[in-house]
Amino acid sequence: MKKYVYLFHEGNAGMKKLLGGKGANLAEMTNIGLPVPLGFTITTEACNAYYNEGKTISSDVRVQVLQALRKLEEQTGKQFGDSSNPLLVSVRSGAMFSMPGMMDTILNLGLNEKTVAGMATLTNNPRFAYDSYRRFIQMFSDVVLGVDVYFFEQLLEEFRKKKGYTSDPELTAEDWQEVIKGYKEIVRKRTKKEFPEDPIEQLFLSIQAVFESWNNQRAIVYRRLNKIPDHLGTAVNIQMMVFGNMGDDSGTGVAFTRNPSTGERVLYGEYLINAQGEDVVAGIRTPKPILALKEEMPDVYNQFSKICDLLEQHYLDMQDIEFTVERGKLFILQTRTGKRTAQAAIRIAVDMVEEGIIDKKTALLRIDPDQLTQLLHRRLDDTVERILLAKGLPASPGAATGQVVFDADEAEVLGNEGKKVILVRPETTPDDIHGILAAQGVVTSRGGMTSHAAVVARGMGKPCICGCEQIKIDLDKRQFTVGEQTVNQGDIITIDGSTGEIMLGEIPMIDPTFSDEFKLLLEWADEVRKLGVRANADNPVDAKKAFELGANGIGLCRTEHMFMDANRVPIVQKMILAETDEERKEALDQLLPMQQGDFEGIFEAMQGLPVTIRLLDPPLHEFLPDKEELLVDVTRLKLTAPDSNELVEKEKLLKKVNQLAEFNPMLGLRGCRLGIIHPEIYEMQVKAIFYATLTLMKKGVDVKPEIMIPLVGHVNELKEMRQLVEKVAMQIQEETGFEFNYLIGTMIEIPRAALTADQIAEEADFFSFGTNDLTQTTFGFSRDDAEGKFLQMYLTQKLLPENPFIVLDQEGVGKLVETGVRLGRQTKPNLKTGICGEHGGEKHSIEFCYNVGLDYVSCSPYRVPVARLAAAQATIRKEENVGEEALEALK
C-alpha cells in the first residue's frame, strides 16, 4: 500500500514536495527537539488522488489516517471523541509553496455536546471549553458546510450589544452556551441539517474541505499571481490542539526573527493573551507587540527568543513563527521562511553574509529580482504640506494615491479600467485578494502587522496600513469618518505605508534613494555576472538614469521617439508630404540638428559606453493625423467653409494618408524597407549620429556608436543599408578630416532573419534580437489585438503557460534566438549579440539569454538593477547547477 500519511517524526525538511512546506517544517522541528504539538501529515499525493478519483477520499487514505490517529492517541494519552479525556485536533492545509491565508483551516475539531462537557470538567474552565466549541462551530460551518461567517458574527455582535459587552473575553460559559444554540440554529436553517456530532465524520469532512480549498478561487488567483503550478496539490496537517484561550497564563502569537519591513535584526511580531491563533491574523482584536511578552511572561519570552535564534541558524534565513502558550508552556506551531519587503530582503541577505551565516552567492540567489522594483518607485515629497486624517500601523512600506473603495470586487473593476484605488476595509480576508491585487494600497481599521492584509500587501510590494482604529468605516454608506471628517467612496486619499499615515488628497512623490545594502548587493552581482546589461533609452534624461543605475551601455535608442516631439511633428509631416526632393531635403535639413543634439546628449550621458541607435522603424503614417478624424474635418469644412485654405490643406493631408494607408502596416513599408525606398531619411539620421560623434570627440569624450538597421529579413537589405552608412561615414570623414569608429548591425525580429543568420552575419557587426516583434511574427499575433481579445483566455485556460510578450517563449521564439546566435557565429565567431525587447528585463528570459550565449540584455532604465541581479543569478545557477527546487530552498 502506498504511504499517504506520515507522523511528524517520520518526515524532514527535504520532503516539501510530498509533505508541503508546513508539514516538512513541523517534521524538521520535531526532529531537532522543539516543543511541537504531536501530529501527522496527509501528503500532497493524497490530494491529487482525491481529484483523480472523482473528489473521493480513497479507502487507503482513510485507513492510514485512522491508524495515525490511533498512534496520536497513544502518544498523547487522550482519546478522539472521548467525553472524559478528549483529544482535539487542528486541520490545516500546507502546500509545497507558502500560500498564506489562501486555503482553509479548522481548529478545535473533535468537540461535540459530550466532549465539550468533558473539556469543561477536565480543565476546570467551562468558559474556555464553550468558547472553543463556538469557534469550532463557526469555523467548521464556514469552511466545510459553506455557511457564511457573516451570520455567526452578526449573531455574536447582537448578543454582545444585548449584554453590554465590548469584547469576547467578557462572555461567560453560560453566555457561550447560549451563543452555541444560536449558531446551531443558523446551521440548521442554512443547511437543512443538524451540525455533525461524530468526530470521525467531522475529521474526514474537514480533510475533504482542505483538499477542496486547493482549487478555491482565492487559491487559484494566488497561484496565478505567484506562478505556482496547479498540479502540486496541498498536504493536510492534523495536529493535537494546544490552547491559548485558557486564561491569562495562555496566549498565541506570530513573530518574525527579523523585522520583515526593514530587515533589522530584532524580534518582530504580535501576540494576544487568552486567544487562539485565528484571533491574531484575522484582525478581530488588535494584538500587543511581541516585546511586551517579555514583561508579561519573561520565562516564555526568553525560551521563545532562544528558539527563534535556533530556527534562524538551522534554516539559514529569517523565519515566520506561529506559537501558542498553554498555561505557561510554550508550543511552536509552525515555522516558515518569512515573507518580507524588498528593502528587508536585501538588508537581511547582506547582514547574514556579514554575520557569516551565508555566503555572497547564496545572498544573491536569495533575492527575487522582481522584488527590486519595489525600491525603484517614488515616495512622498516631504516638503509638501499634508492634511493628516489618521495614523495606523505601518504594515507594508511605500506610498500610493487613489480613490477610496470599500469593496474588493469594485476595486478590481475600477483597477481594470485603469483607475487608481485604495482599498479600505475593517479587515481583509483571503477572499479580498483580487481587490488587493488591483489596488494601489490597502487600509484596514482592525488587525496588526501580521494580519492578512499586511502579509499579502508586503508580498505584493504594495503599501498597507493596518489597525487604524481612528477611522470608523460604514460599509453600507460607503464612507469612513475620522472625528468630524467624512471620506466618501471616490474621494482621493494618499497613504504612506512606511509611517502609517493616511492623508486627504493627492501628494506629489519624488524619486527613490537606495540603501548602502542595495548598492553592495548589486556590486556583488556585477562581480559574478557574465552577461552585460544595457538600457533602452531614447533621450539624455533616460540615458543618464540608466547610467546611474549601472547600465553597461544603451542597447536600444529608438529614433522615432525623437520625431514624436510636438515641436518636430510639423517638420516630420512636411517631410512626408513633400512633393519634390528639394522639399523633402529642406525638411530633413531642419530635422538633422535636432537629432544631432539628441545624440550628443545621449553620448555624453553614457560616458564612453556603447550606444546602439536604431534607424527609423515605424511606418510614416504614424506621424500623420488619424484618417477617420481627417474625414470628419474635411466633411465639416466642406459644409461650413468650402473656400477655406484649411480645407485645401486637410484634403491634401487626407490624400497623402490614403496613399500611405496599408492593410497591415506592421508588415508593410517600415524599417529597412523605408530606408531603401527613401534613403534620404536614413542618410539624415546617420549624419546626425556621426556629427554628434565628432562633436563629443572634440570635447574629449569617448563615443561608441552602433547603428542598427531594423526589420531586415534578407541579407541584401542589410547589404544595401550598410553601403549607405559607410558612404555617409566616408563623406563626413573626408569633409572633417576626423576618423571615428562605429559598428553596423541589425535587429533580428523576423523569423527568416534568424533562420538565415549565417548569411546576414556577413554584413553585420552585431545582432540585437527584437523579441517584441519576433514574438508577434512567430506566433502570428498582433500584440494589441491578442492581449485585448483572446490572450487572457489562453492564459486562464492554460493554453499558454505565460504571456509570451512578458516572458520569452523559449520553445518557439527562443529556438529562433538560439538558431540566430549559432548560425551568426558560424560566420563570425566574435559576433556581438544581445536582446532589446521587453524580455530583456524579465528574470526567466534573462537566464535563457545567458544560457544561449548572448553578450547582453537591454531593458528599460528602471529595470537595470533587476537585470543585473537576474544575470548574476543565471551565472551562479549555470556554474553551480542550482536547480529550481534548490533555489526555492535557499529562499
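Helix 5 (126–143) and helix 7 (173–191) are among the elements that cover the buried residues of helix 6. Here, covering rests on contact, meaning heavy atoms within 4.5 Å. Buried means under 20% relative accessible area, exposed over 50%, and partly exposed in between (1.4 Å probe, protein chains only). Helices (H or I, at least four residues) and strands (E, at least two) are DSSP runs, numbered from the N terminus.

This is a predicted model: local features need pLDDT of at least 70, side-chain atom pairs count only at pLDDT 80 or more, and totals for chains, interfaces and linings use all residues. Residues are numbered from 1 along each chain as its sequence is written, and side-chain values use heavy atoms, with hydrogens and water left out.

**Helix 6**

- Helix 6 spans residues 149–163, which makes 15 residues.
- From first C-alpha to last, helix 6 reaches 21 Å, close to the 21 Å expected at 1.5 Å a residue. The expected span is 1.5 Å times one less than the number of residues.
- The buried residues of helix 6 are F152, L156, F159 and R160.
- These buried residues line one face of helix 6, because they fall within an arc of 100° seen down its axis. The arc is that of the directions from the helix axis to the C-beta atoms.
- An α-helix has 3.6 residues a turn, so residues three or four places apart point the same way.
- E158, K161 and K162 are exposed, on the face turned away from the buried side of helix 6.

**Ends of helix 6**

- D148 caps the N-terminal end: one of its side-chain oxygens lies 2.8 Å from the backbone nitrogen of Y150.
- G164 follows helix 6, and its phi is positive, near 80°.

- Two strands pair if DSSP finds at least two bridges between them.
- Three bridges join strand 18 to strand 19 (residues 479–482).
- K472 stands opposite T481 in strand 19.

**I571 in helix 21**

- I571 sits in helix 21 (residues 569–577).
- I571 counts as buried because its relative accessibility is 11%.
- Leaving aside residues up to four places away in sequence, I571 touches A587, Q590, L591 and M594.
- I571 and L591 are 20 residues apart in sequence, and their C-alpha atoms are 7.2 Å apart in space.

Definitions and conventions. A polar contact is a pair of N or O atoms within 3.5 Å; within protein, one must be able to donate a hydrogen and the other to accept it, and residues adjacent in sequence count only if both atoms are side-chain atoms.
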